[in-house]
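Please keep the structure in view while working through the numbered points.

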Amino acid sequence: MMSGLKAEIARARSGIQSLFWSRRAQKVKLMVIGRNISDGLIAKLVLYVLLSIVAYLYLQPILYMVSTMLKPATDLLDATVRWIPREVTWDNITKAFHGLQYPNALLVTATIAISCSLASVIICSMTGYAMARLSVPFKWLFTGLIILTFLIPPQVVIIPLYVIFSKLGLLNSIFVFLVPALLGQGMKAALFIFIFMQFFKSQPQSLEEAAKLDGASTARLFVGIMLPLARSACLVVFLFSFIWYWNMYYEPSMFLSKGFTPLSIRLDMLEEVLNPTLLGNTRTIINPITEGTKMAAAFMIILPPILIFIILQRWFVSGIERSGIVE
Amino acid sequence: MNAKSRKRAELKYHVSRYGTGLLFMLPWMIGFILFVLIPVSWSLFMAFNKVQVGGTFKYEWVGLRNFRDAFLKDNIFPVELITYFQQMLLMVPIIVLFALLISLMLNQKFPGRFIFRALFFLPVIFATGQVLSELFAQGVGDVPFLEQYNLEPLVKKYVGAQFTETVMDVLSRAVLILWYSGVQILIFIAGFQTIPASVYEAVRIDGATPWDSFWKITLPASMPFISLNMLYTIIDLFTFPLNPVLAHIKDNMFKANTGYGYASALAWIYFAFIFILIAIVLGVFGRKMKRGSVRA
């Protein structure tokens, strides 16, 4: 009888133990494989590895840029030196600094980018608000026309635009970009109008009704209530506009010919500056000696926007989601 | 008297109804007329003329000759147009697919994903204009395994000799082309947020694997974003620095025997091609989008 009880207890104990172990095994399994595809450790590991590989490939050209920038001429000519230079040189950076006329060109680029982006934000928000909320005759027609402005390739209109700008006396000054931006035709303005349109459409109507009852005019309502509400959309539009103005090359290469030269044009002219004997078509020639300087110049051009991006990274990425572009 | 006052009342009604709206639209309308309507119609007019520039413009009506010359006399333009078309057909799906895959991965919850999100957005900042063409000129941005495994004979075998060059061209700059997917990734990620989580929970309870739920839920729901991204990519590639057509148009602008008229005609042909491409995308995906919404 005693032995029977003992056996019973032992069985129960082992049963509990095996239950305990199976529970634990289940837990481990859950941790490793997970309930969802993304929960488990294995899935996460795979995800990290995949993303890291792609990210490395993705950023390789930038790494190349930085590494080339720091190489002296001997390393540039030496094929055995791939990534890490034998000695780090700052020569290329100082050469690029002078070749680009960096402070001057930076000022030009920054002035264009900041002023035109501000103008774009103001005008596109106004237009977007009118399209979303105010009664405008032939709204469908305006919608179509705004889409049309987005679709027309700049090459189609570049010649007439050149003539119009020269008639208006705007060439070779900031107004070549500022005047169109102030009239709602800045860089990718149609996209920004749509962003604002979507945003204002998603806001509750009651706000405006309340303000109207209190006797606010539409202009007052827009400036006092709607624009502050649209802060995140404004920021997204400003940042994108800023970057696109910063990087634009085609338009300034047509409209700005002397004196008033932004960074992108200076980069284009750099080869001639570095190699005065090489006149004419330098485009096709890859000169390994000036490569380092060119990379340094390219790096110096993208550095300010990257710094801004790092500081404002949160708004950039989440702002698009919050501003309701996609809906 | 009566009719007059009624007219005035009508006008007053229209002003009070549409006045503010139109006032808000006014800057855009002026800009549209000045910087879009006039240039577009002007360039269309020039496309039918031989334009000579010498202080003032001299027009000589030639009808459709510019367009005919573009295909019959010009031995560069048609080839470049077709090449570019092939590149587009290859690049647009690559970019959109890549964006879809990356955004699917970035949509998972894992620590440090904001770093990866930032990384994949980074190229938007500098992937335009001169910096990019400088990198292109240096020949960076190739995928490393391409040379190691000598892919060219393989490509030739499977896609045929006439496309090999295009395919290799695109593949050799794969990374820089993928740089054009930054905005698309953002659009996809934002698009995934619009799918309610309860749907996923429901199918999981019904016993669907993640694989099923991707094909049955995520993909159909993101169909509109796929078409949006395709359109965005096509338009974004207008300004692609390697676009051979654009270079040709620019060259012809300043040639004495061809001039602005011919260059305008080329630009319009190019625009027409792009427009057809956009119409095809809208046609195919628009129907799908409608069907999807009916089913939902």
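Predicted model: local features only at pLDDT ≥ 70, side-chain atom pairs only at ≥ 80, totals over all residues.

1. Make-up of chain A. Chain A contains 15 helices and zero strands. Of its 327 residues, 37% are buried. Among the contacts in chain A that join residues at least 6 apart in sequence, 76% link residues at least 24 apart.

2. Domains of chain A. The chain is divided into domain 1, covering 1–32, and domain 2, covering 95–322. The C-alpha centres of domain 1 and domain 2 of chain A are 69 Å apart.

3. A helix pair within chain A. Two packed helices are described by the angle between their axes and the distance between the axes. Helix H5 (residues 102–133) of chain A packs against helix H12 (residues 231–247) of chain A at an angle of about 140°, and their axes are 8 Å apart. H5(A) is therefore oblique to H12(A), because an angle has to be over 145 degrees to count as roughly antiparallel. The crossing of H5(A) with H12(A) is right-handed.

4. Residues in that pair. On the side of H5(A), the residues that meet H12(A) include A:Thr109, A:Ile112, A:Ser117 and A:Val121. On the side of H12(A), the residues in the contact include A:Cys234, A:Phe238, A:Tyr245 and A:Trp246. Sorted by class, the contact of H5(A) with H12(A) has 12 nonpolar, five polar and no charged residues.

5. Is A:Met248 buried or exposed? A:Met248 lies in the loop between H12 and helix H13 (250–255) of chain A. A:Met248 has 23 C-beta neighbours inside 10 Å and therefore counts as buried, since the cut-off is 20 or more. A:Met248 and A:Val108 are 140 residues apart along the chain, and their C-alpha atoms are separated by 13 Å.

6. The contact between the chains. The contact takes 69 residues from chain A and 69 residues from chain B. Helix H1 (residues 2–47) of chain B gives the most to the side of chain B that touches chain A, namely 20 residues. By class, that side of chain B has 50 nonpolar, 15 polar and four charged residues.

7. A helix pair across the two chains. Helix H2 (residues 41–69) of chain A and H4(B) have axes that come within 10 Å and cross at roughly 30°. H2(A) is therefore roughly parallel to H4(B), because angles under 35 degrees count as such. H2(A) passes H4(B) in a left-handed crossing. The contact is made by A:Leu51, A:Ala55, A:Tyr58 and A:Leu59 of H2(A) together with B:Phe116, B:Leu119 and B:Phe120 of H4(B). By class, the contact of H2(A) with H4(B) has seven nonpolar, no polar and no charged residues.

8. A buried arginine in chain B. Where does B:Arg117 lie? B:Arg117 is part of helix H4 (residues 113–126) of chain B. With 21 other C-beta atoms within 10 Å, B:Arg117 is buried. B:Arg117 and B:Asn107 are 10 residues apart in sequence, and their C-alpha atoms are 9.4 Å apart in space.

Terms used
Residues numbered from 1 in each chain as written. Chains lettered and ligands numbered in written order. Contact = placed C-beta atoms within 7 Å. Helix = DSSP H or I, 4+ residues; strand = E, 2+ residues; numbered from the N terminus. Nonpolar A, V, L, I, M, F, W, Y, C, P; charged D, E, K, R; others polar. Buried ≥ 20, exposed ≤ 12 C-beta atoms within 10 Å, placed from the backbone. Axes fitted to C-alpha atoms, helices over the stretch in contact; angles between N-to-C directions. Parallel < 35°, antiparallel > 145°, perpendicular 65-115°, else oblique. Left-handed = near helix turned anticlockwise from the far one by under 90°. Domains from an automatic or database assignment.
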